[in-house]
Amino acid sequence: MDSLDSASPQSPRTSDFRDNADARFKVIDRVIKRHQFQQDALIEVLTAAQESFGYLREDVLAYVARRLQLPPSWVYGVATFYHFFSLQPQGHHQCIVCLGTACYVARSAEILAALEKRFGMKAGQTTSDGELSLTTTRCLGSCGLAPVLVLDGEILGRQSAESAVTRVEALLHETESPSSQAVSRSTESEEKP
Amino acid sequence: MNRVELQAMAETERNRQKAFQCRFLCCVGTPCLSAGGGVVQEALKQAIAVQGLDATVEVVGAGCMGPCSRGPLVRVLPAGGEEAIYEHMTPEKAGALVEAFAGPGCSSFPEESRISSDSPFFGKQVKIVLSGSGRVDPDRLESCVAEGAYTALAHALREMTPEEVCQEVVRSGLRGRGGAGYPTGVKWNLMRKAQGERKIVVANGDEGDPGAYMDRTLMESDPHRVLEGMALAAYAVGADQGYVYVRGEYPLAAQRIQRAIQAAERQGLLGNRILESRFNFRVDVRMGAGAFVCGEETALMASIMGRRGQPVPRPPYPAQRGLWGLPTLINNVETFGNIAPIIQHGGEWYAGYGTEKSRGTKVFALAGKVSWTGLIEVPLGITLREIVFDIGGGIPGGRSFKAAQTGGPSGGCIPAAHLDTPMDYESLQELGSIMGSGGLIVMDDRSCMPDVAKFFMEFCMDESCGKCAPCRGGTVQMVRLLQRITDGGAAPEDLEQLKELCLLLKETSLCGLGQTAPNPVLSTLRHFREEYDAHIREGRCPAGVCDLSGNSME
């Protein structure tokens, strides 16, 4: 086991690590260390990596593979197998539509369709300005509140297509500057009738 | 900590609770929290502080109380008075609630938001697994101990041999609650006799069936119940290491279990020399990362070992060669939830509930088109009608009952004609469905059955791990055929091909996911054949869900 300070190996990639805020790699190192460099802890390590980087970049996967002494193909295989891991950057805001059975019975597909139409995107995509990611999930276990929408981690129950679109629009406007907010509001009112 | 100290802890906590004039238990399960339960709890605390009642009134978080659609829920326990649950609580109502129960005046609280304990929702329920849920504070060990946590373990470690623990579970007739229904006692006996340097116990909390959240609720509401069950299992089979595998979508459940493990270890209720005996048992939490197939036991083990969650053929069974080649006992979280009461009250007591072949109680997550949705625990053998119309309060909006879906993507739909079927493992299987983990989704006449079949088949297509060809390719073909049916472009031959594919998947898939994937199609074909015919031959969707090239949706 090499000491952590010699972590970044003297390879051409070293500069990459230095540029990209080493603190985030330290988070990965901490988790690896906590699991005593066990290869079995790969999923835990990848989860931590995704939490600190937002998504699993190629160099992050390579780094994890090297630290755990696993073949890169193995790490890539695990990262692509599980739905939780994303190899693409995620949007600033996250919108998850539940497509579990109870939500399906309560017509959550209509909510998804409305959101897709309003923001011109498909489930699993991120808007070109990187503001919004739209994804689906199979049951959050909040079936009593169906249909359910998750906006940036907050669970919203009993949504309709209209209320969902309104909530997402409101969320996007919050982060915009006041002037652009006014503009988008006016375009919105034009669209409505 | 030893047995006497455990009793003392329980006694101290009970006395502490009795000292309060009134106690408010706020549901802190995910459904109530997402309905705003956290704010309500804060508001109650503030109201008490404002009215200066800190010494006589307590506000605590508690687990799930059942009727999730009515959340946020608050249970009121007035000293000497009748307890009740108040539904749809808001921060604005908090002050009035405190005043009504603990204030000096005789103000009263609106009766319409009160759910009394004799409400029909609770009438037919028997709470064994969920007995502590909604009453104990999951984050405080003392609160769980006061309700009897770890007394069964203390009893078993002192008075029972591992064989006797296994025998008690055999006598109870408990069957695996994950869906397949394998007798738990038999599994434990096999595991006890298995040869291995070390043995491992795993709680399967990868509850992937959409519409099922029993395991999550139990882990969130009464984590010590699960841990105690695991420890009893470990003692019975001779294991010293345990894992709780929690589905990735359940961060709160994982956090509560983790905290519970730490608290129990600090008090010597888990870890080394448990309750000053020679028994050692460590428990670790493993998080899933979003793969339905990991509910299958061999895939689950692969995932615990940090690999892709792909199943491998059995035998060897996990009891022979499991995690890292060691004998491994895998039971569902809910199964472990049954163990402590069985040891405490005896197997015969437990076998007194349920039917001849399906003993005990089962937790169902009742959802869909019923007036009362939420988590219920009923004796097995209760009829579907009782669940839907008595407990669930019937179909809202004057609609009619069409079908109930059990068992998630591996189960099937039960039509109205079979409403009086007893809910037990065998009867459900005869109808082409399965007990499954306990999701029960009620559909009214606005659900289209071929569309439902397509929904589940799409789920299986997405979740197929891709290892074996029948499942990987078959699910795609079946989705295509079902898509054609719901689009109105299907020919009568397509139905034959669909049936053939069903048989192929059932017979040749590697694991349970593929083998049971055709069930939703087969059961809807069996009970709702006329709907398929209407789509194919008449070009119409009786429920008005499918857009058959522009001649429906009216």
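**View 1. Open four-stranded sheet of chain B in the predicted model.** The strand order is β8-β7-β6-β9 in chain B, and the pairing is parallel. Strands β8 (282–287) and β9 (328–332) of chain B form the edges, each pairing on one side only. On average, neighbouring strands of this sheet are turned by 20 degrees against each other, direction ignored.

**View 2. Pairing of β7 with β8 in chain B.** Strand β7 (residues 241–246) of chain B joins β8(B) through six bridges in the parallel sense. One residue pair can be picked out here: B:Tyr245 has B:Arg286 of β8(B) as its bridge partner.

**View 3. Helix α14 of chain B across two strands.** Helix α14 (residues 333–345) of chain B lies across β6 (200–205) and β9 of chain B. Relative to β9(B), helix α14 of chain B runs at about 90 degrees.

**View 4. The largest nonpolar core.** This core has 226 residues, of which A:Val45, B:Leu232 and B:Ala233 touch the most other members. Helix α11 (residues 223–237) of chain B gives the largest share, 10 residues. Leaving aside residues up to four places away in sequence, A:Val45 touches A:Ile28, A:Val31, A:Ile32, A:Val64 and A:Leu68.

**View 5. The contact between chain A and chain B.** Chain B contributes 35 residues and chain A contributes 30 residues. On the side of chain B that touches chain A, at least two residues each come from α2 (30–34), β10 (361–368), β14 (439–444) and α18 (449–463) of chain B. That side of chain B has 15 nonpolar, 15 polar and five charged residues.

Key
Residues numbered from 1 in each chain as written. Chains lettered and ligands numbered in written order. Predicted model: local features only at pLDDT ≥ 70, side-chain atom pairs only at ≥ 80, totals over all residues. Contact = placed C-beta atoms within 7 Å. Nonpolar A, V, L, I, M, F, W, Y, C, P; charged D, E, K, R; others polar. Pairing = 2+ DSSP bridges. Axes fitted to C-alpha atoms, helices over the stretch in contact; angles between N-to-C directions. Core = buried A, V, L, I, M, F, W, Y, C linked by C-beta atoms within 7 Å. Buried ≥ 20, exposed ≤ 12 C-beta atoms within 10 Å, placed from the backbone.
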